[in-house]
Amino acid sequence: MSIVQTYFDAFNAGDTQTMLDCLTEDVAHHVNEGNVRIGRGKFAEFCAHMDHCYKETLTEMVVFTSSDGTRGAAEYMVNGTYLNSDEGLPPASGQTYRLPAGSFFTLRDGKIARVTTYYNLSDWISQVS
């Protein structure tokens, strides 16, 4: 199993520690519509915030890894519930949403050194508004 698949299996299991174990210490986390976060500590803070505001499961997952093992990508559907209001976004009241997303990875020494995730924020906003 690839490190990318392990990472997403941990995400779906709500296992943040295993997700963190998949990352390099200096991981660069590029989030949709946000700033780059550097390091496992910042990634852990992001996960705690996301767990507070959202409950998500990823389905229809397709994972790709380059033949040299240095890059990876995944395409999937995000199935979620908006639990608690996130700053600058519409108020939460348990709305559900479903939207396509993709993530891209740089892999180094068997771990994830970069995570970049994209989704259509305006689509999400229209679904929860």
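## Buried aromatic residues

Tyr54 and Trp124 are both buried (under 20% relative accessible area, with exposed over 50% and partly exposed in between; 1.4 Å probe, protein chains only). The model is predicted: local features need pLDDT of at least 70, side-chain atom pairs count only at pLDDT 80 or more, and totals for chains, interfaces and linings use all residues. Residues are numbered from 1 along each chain as its sequence is written, and side-chain values use heavy atoms, without hydrogens and water.

## Aromatic pairs

The whole structure holds 10 aromatic pairs (rings of Phe, Tyr and Trp, the last by its six-membered ring, with centres within 6.5 Å; planes under 30 degrees apart are stacked, over 60 edge-to-face, the rest tilted). The ring centres of Tyr7 and Phe43 are 6.3 Å apart and the planes meet at 55°, so this pair is tilted. Tyr7 is in helix H1 (residues 3-13) and Phe43 in helix H3 (residues 40-53), so the pair ties together parts 36 residues apart in sequence. Helices (H or I, at least four residues) and strands (E, at least two) are DSSP runs, numbered from the N terminus.

Tyr7 counts as buried at 6% relative accessibility, and Phe43 at 1%. The pair of Tyr54 and Trp124 is edge-to-face, with 6.0 Å centre to centre and 65° between the planes.

## Sheet

Six strands make an open sheet of mixed pairing, ordered E2-E1-E6-E5-E4-E3 (strands pair if DSSP finds at least two bridges between them). Strand E2 (36-38) and E3 are the edge strands, each pairing on one side only.

Strands E1 (residues 23-30) and E6 (residues 111-119) run parallel and are joined by four bridges. His30 has Thr116 in E6 as its bridge partner.
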